[in-house]
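Subject: Handing over a structure, with notes

Hello,

Please find below the structure that I promised to pass on to you.

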Amino acid sequence: MPSGEVAPVSTSKGAGLGGIPHKFFYQDEKDDYAVLQFGSPAAVGSGLATYVQEASAAAIKERGAFTLVLSGGSLFKALSPLIGLPGLDLSKWHVFFVDERNVPHSSPDSNFKGADEVLLSKVAIPREQIYAIREHLPVNEAATEYAGQLLRLDEQVLPRNAEGLPVFDVILLGLGPDGHVASLFPNRSQLAATDAWVLPIENSPKPPPERITFSLPVINSAKQIGIVAAGEGKAEIVQRVLEVQSLPGALPAQLVRPTAGSVTWFLDVASAQNLAIHKWESTKDFPRSS
Ligand SMILES: O=C1O[C@H](COP(=O)(O)O)[C@@H](O)[C@H](O)[C@H]1O
């Protein structure tokens with residue numbers, strides 16, 4: 001995440017409607033920090049489906065497998081345009097959860113249940129390639145067990161980088177109103193954890209209290225990270241994360257900085273409404289256009 005008084009460095013203006021996003025880039029060392037603003041939540045979903053479709057085709061061509069990591073909340077519904085999309089080789093897909101609540105799979109709080117009802121039960125991904133939290137374990141053991149599921153996969157499915165960390169093809173993150181991503185909450189010790197792939201959480205500020213979450217180093221090892229935030233309720237936090245420096249004590253979403261991959265934000269007009277880009281474009285005083 002850029003620091004200081006942050007300004008976008010270039011823009012390419014689409015209408016935001018019909019799936020053609022208004023696209024702009026924030027400064028980052030690797031020039032790979034794109035923000036896509038779509039005309040509606042439905043268009044965000046279509047854009048997201050295309051992003052996943054393209055990543056899937058590339059990964060399957062390269063190594064015969066595709067790894068997709070989901071977060072919870074509103075994301076599953078946004079992904080529904082994936083259902084019935086032609087040309088997806090779903091038999092090669094492996095689906096994971098970047099965070100999960102330590103509850104039975106039948107609980108309304110379960111991310112697995114939410115994903116299954118809205119998406120996973122409607123597509124032909126082999127069930128053994130959907131990696132759910134093991135139920136009825138103490139949360140420490142649930143985190144260790146989930147990490148074990150990842151460790152058991154061979155590198156053709158889940159490659160490792162030079163640091164030995166897993167490299168997922170696509171991780172999709174939601175954004176909480178406090179700037180949390182996955183179950184990494186502001187000012188919590190888990191933000192500094194480097195020694196475990198999957199961390200237990202015993203006292204989450206958002207219920208339910210027990211959760212497991214990927215650590216930041218694992219998230220930041222992904223090839224592609226999509227951060228999805230639609231609706232007016234996300235406008236304030238989207239602007240804070242993208243444009244307000246908060247070091248020290250950066251928000252979790254500001255710590256999403258892939259070591260070798262890219263970040264793409266998926267916003268709609270409502271969640272992007274506070275971004276300074278609109279002010280600059282309307283005054284034609286765009287600070288550093290390229
Ligand atoms: O608790 C959680 O919240 C975030 C944001 O959810 P949303 O419904 O506001 O999109 C979610 O990304 C995370 O996975 C979940 O556990």
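How many bridges join strand β6 (residues 99–101) to β9, and do the two run parallel or antiparallel? There are 3 bridges between strand β6 and β9, and the two strands run antiparallel. Here strands (E, at least two residues) and helices (H or I, at least four) are DSSP runs, numbered from the N terminus, and two strands pair if DSSP finds at least two bridges between them.

Before going on, please keep in mind that this is a predicted model, in which local features need pLDDT of at least 70 and side-chain atom pairs count only at pLDDT 80 or more, while totals for chains, interfaces and linings use all residues. Residues are numbered from 1 along each chain as its sequence is written.

The chain as a whole

The protein chain holds 7 helices and 11 strands. Of its 290 residues, 42% count as buried, where buried means that 20 or more other C-beta atoms lie within 10 Å of a residue's own, exposed means 12 or fewer, and partly exposed lies in between, with C-beta atoms placed from the backbone. If we take the contacts between residues at least 6 apart in sequence, 73% of them join residues at least 24 apart, a contact being two residues whose C-beta atoms, placed from the backbone, lie within 7 Å.

Around β9

Returning to β9, Glu100 is the residue that stands opposite Ile212 in this strand. β9 (211–214) is also joined to β8 by 4 bridges, again in the antiparallel sense, and there Val198 stands opposite Phe214. Within β9 itself, Arg211 and Thr213 point one way and Ile212 and Phe214 the other, and all are buried.

The loop between β8 (198–201) and β9 holds Pro208, and the peptide bond that leads from Pro207 to Pro208 is cis, with omega near -5 degrees.

α4 has 13 residues and reaches 18 Å from its first C-alpha to its last, close to the 18 Å expected at 1.5 Å a residue, where the expected span is 1.5 Å times one less than the number of residues. In α4, Ala142, Ala143 and Tyr146 are buried. They cover an arc of only 100 degrees around the axis, and therefore they lie on the same side of α4; the arc is that of the directions from the helix axis to the C-beta atoms. On the other side of α4, Gly148 and Leu151 are exposed.

Around β7

β7 is covered on both faces, with Val170 and Leu172 buried on one side and Ile171 and Leu173 buried on the other. It is joined to strand β4 (residues 66–70) by 2 bridges, and these strands run parallel, with Val170 as the bridge partner of Leu68. β7 pairs with strand β10 (residues 224–229) in the parallel sense too, over 4 bridges, and Ile225 in β10 is the bridge partner of Ile171.

Two residues with positive phi

His136, which is not a glycine, has a positive phi of about 60 degrees, and it sits in the loop between α3 (111–118) and α4 (139–151). His136 is exposed, with 9 other C-beta atoms within 10 Å. Asn187 likewise has a positive phi, near 60 degrees, and is found in the loop between β7 (170–173) and β8. Asn187 counts as exposed because 10 other C-beta atoms lie within 10 Å.

The ligand

Which residues surround the ligand? They are Ser71, Gly72, Gly73, Ser74, Leu75, Asp99, Gly174, Gly176, Ala182, Ser183 and Lys206, where a residue is near a molecule if its C-beta atom, placed from the backbone, lies within 6 Å of it. This shell divides into 2 nonpolar, 7 polar and 2 charged residues; Ala, Val, Leu, Ile, Met, Phe, Trp, Tyr, Cys and Pro count as nonpolar, Asp, Glu, Lys and Arg as charged, and the others, Gly among them, as polar.
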